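Please keep the sequence and the structure in view while reading.

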Amino acid sequence: MLVLIEGNISASKSTVCDGLNGTKYPEPLEKENPWLPLFYEDPKRNGTFMQLYTLFYRYKQWKLAQARSAMYPDEIQLLDRSLFFDACFALVNHEIGNISDREFELYMMAHETLQEQIYFPNVCLWLRVRPEICLERLKARSRSCEVGVTLDSLERLEDAYGRVMRTLRCKCPVVEIDAEQSREDVLHD
């Protein structure tokens with residue numbers, strides 16, 4: 001079973017993944033993504049490279065989870081963010097000028113090509129958190145790579161998530177979870 005856990009930055013995706021039983025496929029942070037710190041240093045120069053890196057990383061993870069799900073159908077595969085929603089970040093980077101029109105077209109071509117080669121999840125857990133709360137959590141966890149994240153970019157991401165989620169709802173069940181509550185209540189839901 002493929003379970004996708006999605007939500008804005010700092011919506012508690014990793015916390016939920018860690019609290020559930022299953023094989024976990026975490027999103028690429030600083031250690032796994034050499035482009036992330038470079039992106040935060042110079043977003044206009046490195047935005048496209050960072051987005052393409054995460055796109056291919058998430059595609060590879062999805063293919064691994066998909067294969068494992070086929071081999072072990074009783075096991076749960078937990079994906080902390082996915083290829084489907086990677087486009088939200090590319091869209092926001094395009095809107096704020098970090099990715100040019102031509103680069104965005106290239107990214108979307110790659111995204112659509114890869115998305116056609118994967119199955120939809122069995123279910124998507126959408127962790128809902130207001131952008132203001134996400135920003136507070138970002139500041140509290142103080143990851144060096146996230147220093148440049150603004151409330152505006154979190155609001156734009158939330159909007160982009162809503163647009164992509166409308167499409168995903170036509171392909172698989174989406175369960176919305178209030179992730180502003182305690183960790184225990186989120187995991188219970």
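The contact of α6 with α7 has, by class, six nonpolar, no polar and three charged residues, and the structure in which it is found is a predicted model. Two packed helices are described by the angle between their axes and the distance between the axes.

**Helices α6 and α7**
- Helix α6, residues 131-141, and helix α7, residues 151-168, have axes that come within 9 Å and cross at roughly 130°.
- Angles from 65 to 115 degrees count as roughly perpendicular and those over 145 as roughly antiparallel, and α6 and α7 are therefore oblique to each other.
- The crossing of these two helices, α6 and α7, is right-handed.
- On the α6 side the residues that meet α7 are P131, E132, C134, L135 and L138, while on the α7 side they are L151, L154, E155 and E158.

**Helices α4 and α7**
- The axes of α4 and α7 also come within 9 Å, and they cross at roughly 140°, so α4 and α7 are likewise oblique to each other.
- Where α4 passes α7, the crossing is right-handed.
- From α4, the residues F84, F85, C88, F89, L91, V92 and E95 take part in the contact, and they meet S153, R156, L157, A160, Y161, R163, V164, M165 and L168 of α7.
- Sorted by class, the residues of this contact between α4 and α7 are 12 nonpolar, one polar and three charged.

**Helices α3 and α5**
- Helix α3, which covers residues 43-71, packs with α5 at an angle of about 0°, and their axes are 11 Å apart.
- Angles under 35 degrees count as roughly parallel, and α3 and α5 are therefore described as roughly parallel to each other.
- In this contact α3 contributes T48, Q51, L52, L55, F56 and Y59, and α5 contributes E103, Y107, A110, H111 and L114.
- The residues of the contact of α3 with α5 comprise seven nonpolar, three polar and one charged.

**The second largest pocket**
- The volume of the second largest pocket is about 270 Å³.
- This pocket is lined by 14 residues, and the closest of them to its centre are F84, H111, Q115, V164 and T167.
- Two or more residues of the lining come from each of the elements α4 (83-95), α5 (101-115) and α7.
- Which element gives the most to the lining of the second largest pocket? That element is α7, with five residues.
- By class, the lining of the second largest pocket has eight nonpolar residues, together with three polar and three charged ones.

Key. Residues numbered from 1 in each chain as written. Predicted model: local features only at pLDDT ≥ 70, side-chain atom pairs only at ≥ 80, totals over all residues. Heavy atoms only, no water. Axes fitted to C-alpha atoms, helices over the stretch in contact; angles between N-to-C directions. Helix = DSSP H or I, 4+ residues; strand = E, 2+ residues; numbered from the N terminus. Left-handed = near helix turned anticlockwise from the far one by under 90°. Contact = heavy atoms within 4.5 Å. Nonpolar A, V, L, I, M, F, W, Y, C, P; charged D, E, K, R; others polar. 1 Å grid on protein atoms, 1.4 Å probe; cavity = no way out; pocket = protein on both sides within 12 Å on 5 of 7 lines; lining within 4 Å. Points joined across faces, edges and corners; volume = space filled by probe spheres on them.
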